[in-house]
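Dear colleague,

I am handing over the structure below, and my notes on it follow. Please read them with the coordinates open.

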Amino acid sequence: MANKILVTGGLGYIGSHCVVALCEAGYEPVIVDNHSNARASVLERLERLTGRELSCFDIDIRNRAGLETLLQREPCQGLIHLAAFKAVGESVAQPLRYYDNNVGGSVSLFDAFDAAGGGAIVFSSSATVYGDVEAKSLHENMPVQPTNPYGQTKAMIEQVLADMVRARDARSRGLALRYFNPAGAHDSAIIGEDPKDAPNNLFPIIVQVAVGQRERLTIFGEDYDTPDGTGVRDYIHVVDLAQAHVKALTVLLSGGFDAPFTALNLGTGTPYSVREVIAAFEAELSRKLPQTMGERRPGDVATLVADPSAAMAQLGWRAERGLEAMVRDAWRWAGAARQWGLWDEDT
Ligand code: UFG
């Protein structure tokens, strides 16, 4: 019988791609999602894409009793924990909501999972835990010093997980995956990034401009210490990211790590500026996108690029898709989402 894997936030952007990658690798995902940032149609599209009936439960991760009951009914050997609030600005305005949902929810979830027998825990962390650091690329042993409540929650959950799995009677092992900038969509164009609220990130904002839902794109600053003055990031295709989760889980389940807790960067190591991302979209669309130069966005750093070598060494994983594929797949997904009327309600 296939190993069951609990996936919290399994209807979200990264979660839905993880569900597909898990099915492809022969696992049986058990989805938990409270629909706070996912459309009802995601499940149906996931079932179409995977050709399977999927188990999905509407449980908030803070509901420990609900999780306990679920894990008794559906014993899971692994956990991919992605459910979280993720808007940096909102976290500054509503810190307690973030600590309650992200940190409180993770404590309740980890506790329920370990009490049910434990297993392999893969946690969705973020490069934001490194904070505002001046370095060409970021390595896992650099200091963790987040600069906003959202980043703090990710750093705290890493610590909670590390302490929990290091405890003498722990039954679980843990791995935190520090994402750089996820982008793109599944190449079937059946699932992709589909934020219920107004997006804050570069890719979905460019897509909104390209489809005419937003008048123009504002480039947040051209006076950074980068080759063309605009912000530089390490964009990683969401399918590469999802496959890394499955690799991580497989390595953990086979006892492949010496340490009970490990943190790994997930990036490509290739830097792209805001201007380069816009140029890649313009090449894909064969037209110019309306754009204007604006002020720096508060809290943004000049450069955030991964040293991806540890993930390569420890998971045997590397990102295979480049910027062109991210742009192409994001654009195809936008075409499909519009065709199905998914985004009509937002206009
Ligand atoms: N940008 C623009 N215009 C926009 C949106 C973004 O110029 O309309 C620029 C940003 O200034 C930045 C780059 O595009 O230089 C990427 O911005 P994103 O918002 O797409 O991504 P961030 O790197 O700011 O955010 C990511 C994750 C967050 C995480 C953060 C840590 O999305 O979850 O990294 O820095 F907290």
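A polar contact, as used here, is a pair of N or O atoms within 3.5 Å; within protein, one must be able to donate a hydrogen and the other to accept it, and residues adjacent in sequence count only if both atoms are side-chain atoms. This is a predicted model, in which local features need pLDDT of at least 70 and side-chain atom pairs count only at pLDDT 80 or more, while totals for chains, interfaces and linings use all residues. Residues are numbered from 1 along each chain as its sequence is written, and side-chain values use heavy atoms, with hydrogens and water left out.

I begin with the ligand. A backbone N or O atom of Asn200 lies 3.4 Å from an oxygen atom of the ligand, a polar side-chain atom of Asn181 lies 3.0 Å from a ligand oxygen atom, and for a polar side-chain atom of Arg233 the distance to an oxygen atom of the ligand is 2.6 Å. Taken alone, the ligand exposes 680 Å², of which the protein buries 88% (Shrake-Rupley method with a 1.4 Å probe; for residues, only the protein chains shown count as cover). Helices (H or I, at least four residues) and strands (E, at least two) are DSSP runs, numbered from the N terminus. In total 18 residues surround the ligand, with Leu202, Thr218, Arg233, Arg297 and Asp300 the closest; a residue counts here if one of its heavy atoms lies within 4 Å of the molecule.

The largest nonpolar core has 43 residues, of which Leu46, Leu266 and Leu315 touch the most other members. Such a core is a set of buried Ala, Val, Leu, Ile, Met, Phe, Trp, Tyr and Cys residues joined through side-chain atoms within 4.5 Å, where buried means under 20% relative accessible area, exposed over 50%, and partly exposed in between (1.4 Å probe, protein chains only). Helix 8 gives the most to this core, with ten residues. Leaving out residues up to four places away in sequence, Leu315 touches Leu175, Ala244, Lys247, Ala248, Val251, Phe257, Leu264 and Ala310, contact meaning heavy atoms within 4.5 Å. Apart from this core lies another, of 29 residues, which include Ala183, Val211, Val274 and Leu289.

Ser126, in strand 5, is buried, with a relative accessible area of 10%. The side chain of Ser126 reaches the backbone nitrogen of Thr128 at 2.9 Å, and, not counting residues up to four places away in sequence, Ser126 touches Tyr150, Lys154, Leu177, Arg178 and Tyr179.

Phe85 is found in the loop between strand 4 (78–81) and helix 4 (88–93) and is buried, at 15% relative accessible area. Neighbours within four places in sequence aside, Phe85 is in contact with Ser36, Arg97, Tyr98, Asn101, Asn102 and Tyr150.

Pro271, in the loop between strand 11 and strand 12 (272–273), counts as partly exposed because its relative accessibility is 43%. Beyond its neighbours within four places in sequence, Pro271 is in contact with Val232, Arg233, Glu276 and Val305. The C-alpha atoms of Pro271 and Ser137 are separated by 9.2 Å, although these residues are 134 residues apart along the chain.

With best regards
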